[in-house]
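Here is a friendly walk through one protein, starting from a single residue and moving out to the whole chain. Have the viewer open as you read.

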Amino acid sequence: MPKLIGIDLGTTNSCVSFMENGQAVVIPNAEGSRTTPSVVAFTKNGDRLVGTAAKRQAVTNASRTFSSVKRDMGSDKRYTVDGKSFSPQEMSAMILRKLKEDAEAYIGESVTDAVITVPAYFTDAQRQATRDAGVIAGLNVRRIINEPTSAALAYGFGRGEPCKVMVYDLGGGTFDVSILDINPETIEVLATAGNNRLGGDDFDQCVVGWLLDRFRKEHHIDLSKDAMAMQRLTEAAEKAKIELSAAAEAVINLPFLAQGSSGPMHLEAALTRTEFNRLTEHLVNATRGPVQQALDDAGLKPRDLSRVLLVGGSTRIPAVQDAVRQITGKEPSRNINPDECVAMGACLQGGVLTGAIHSIVLIDVTPLSLGVETLGDVFAPIIDRNTPLPCRHSKVFTTAANFQTSVEINVLQGECANASGNHSLGRFRLEGIRRALRGIPQIEVSFSIDTNGIVHVTAKDLATERSQNITISGSGNMSREEVDRAVRDAEAYAAKAAREKKEKDRTAENGVRDDGAYDA
Ligand code: AMP
């Protein structure tokens with residue numbers, strides 16, 4: 001049977017898990033930690049570092065160190081190092097490859113397949129980008145599943161009693177809230193909502209802004225353009241934020257942060273939890289709307305929930321927990337590990353796919369409505385948000401002008417009544433429509449979404465039966481050829497790195513032997 005791992009590819013940290021004796025087990029990385037920083041770095045001598053090694057040297061190599069790449073998935077952002085440009089998919093693939101290799105070293109077998117999680121609120125382009133990253137890393141991506149659903153699976157697996165659960169997931173870069181109906185044999189997502197650009201990084205940035213202000217007031221110097229100082233400030237801000245989850249005050253001490261005419265300048269500041277809460281209140285409040293929307297879409301009141309599960313590192317912030325308590329009137333459950341449950345759920349889902357687990361069926365939903373643009377900038381939804389997956393829906397449209405023989409289909413995802421307010425997933429043309437007065441031709445547009453949440457669209461002229469179909473590929477996404485090329489590049493790099501490691505190990509071994517010979 002192919003060896004399958006479950007991967008939580010996080011904005012800040014990633015985690016990998018596999019099935020052992022019917023249980024999901026978290027795999028420690030080569031450095032012995034249960035999570036791996038989602039950081040990639042390129043050293044000056046051409047080596048690539050991933051995880052802790054990359055994070056550790058971020059201050060001294062800030063311009064060649066990349067973190068929070070997940071925020072750019074599905075966009076056309078490129079990272080350039082030594083004249084070579086990498087897509088967010090390729091960067092993420094480097095993280096996935098390390099997780100795969102660490103898993104292989106731990107299990108002692110080669111790993112071929114993976115289930116990878118994404119925020120429930122990820123768009124189609126972001127999901128495709130994640131799947132491509134897995135392919136580039138040499139993985140057969142069996143399923144893309146939503147993080148809160150995965151967390152609920154880890155929580156609900158093997159639990160006897162039916163219950164309705166809210167998963168409040170605030171990670172490093174994204175916020176999701178999902179409401180699930182957990183039964184002994186099924187886990188059904190009733191509704192999901194969120195914000196793809198809200199997470200722990202934003203809390204860090206608030207603290208960085210506060211520190212920059214203090215430094216500016218004290219020394220009249222703006223550090224915001226100094227990459228190395230900014231890297232140190234960001235790290236110190238995150239550290240202070242984490243300390244404030246357990247203490248009332250955090251002291252930030254950054255010696256030699258800048259060089260002035262009168263010598264080196266240092267930064268020392270004490271940030272209280274009260275001040276931190278004031279700086280970040282708007283971020284905590286930004287989670288309230290999606291929570292309410294998910295409850296409304298599920299047709300539930302907070303009192304109908306049996307439990308509220310907190311997932312993602314940022315739910316350790318006391319003000320976040322207070323907000324959850326206040327919105328739901330419930331004490332959030334802490335009996336799942338917010339850093340590990342997502343990866344564990346992913347490998348349980350893998351167990352379902354490989355047949356290792358028979359007892360549970362997972363029913364997920366699409367997070368955003370899908371439809372097409374019609375005359376006058378109007379969005380015509382074809383699949384409503386929170387429709388269970390997989391699904392297929394069609395609508396018949398007509399032409400806007402007399403004797404029009406082609407139409408352009410603009411595929412949109414979002415909740416805005418105006419077409420221009422939504423995210424365009426792509427456009428395509430249906431040609432060869434039979435000439436007729438406007439309003440006569442009947443063009444059937446069908447959307448289907450598979451269990452990975454990936455969209456396929458067909459447009460058909462019902463008179464001629466002529467049709468055109470596409471699998472949507474967002475503007476930032478890679479073509480099949482680009483993915484193939486990236487797979488070859490990644491394999492070539494992995495082979496080169498393996499050769500070099502072997503060479504280094506051999507040299508080190510010889511060194512030990514030489515030493516041994518000398519000692520003797
Ligand atoms: P995740 O994407 O779930 O790994 O969450 C990572 C985010 O959680 C990062 O922004 C971390 O800084 C944040 N985080 C981790 N531990 C804590 C903590 N104890 N208090 C506040 N934030 C934390």
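## A residue to start from

Find isoleucine 116 in strand 10, the stretch that covers residues 113-118. Keep in mind that the model is a predicted one.

Is isoleucine 116 buried or exposed? Its relative accessibility is 0%, so isoleucine 116 counts as buried, the cut-off for that being under 20%.

## Who surrounds it

## The whole chain

Stepping back, the protein is built with eleven helices and 26 strands. Its C-alpha trace spans about 90 × 55 × 55 Å along the principal axes. A compact globule of 520 residues would have a radius of gyration near 24 Å, so the 25 Å of this protein agrees with that expectation.

Of the contacts with a separation of 6 or more, 65% join residues 24 or more positions apart. As for burial, 52% of the 520 residues count as buried.

## Surface and charge

The accessible surface comes to about 23,000 Å², and carbon and sulfur atoms account for 49% of that area. Among the side chains, 59 are positive and 66 are negative. The centres of these two sets lie 2 Å apart.

Terms used. Residues numbered from 1 in each chain as written. Predicted model: local features only at pLDDT ≥ 70, side-chain atom pairs only at ≥ 80, totals over all residues. Heavy atoms only, no water. Helix = DSSP H or I, 4+ residues; strand = E, 2+ residues; numbered from the N terminus. Rg over C-alpha atoms; globule rule 2.2 N^0.38 Å. Buried < 20%, exposed > 50% of the residue type's maximum accessible area, 1.4 Å probe, protein only. Contact = heavy atoms within 4.5 Å. Areas by Shrake-Rupley, 256 points an atom, 1.4 Å probe, with all protein chains shown as cover. Lys, Arg positive; Asp, Glu negative; His and termini not counted. Charge placed at Lys NZ, Arg CZ, Asp CG, Glu CD.
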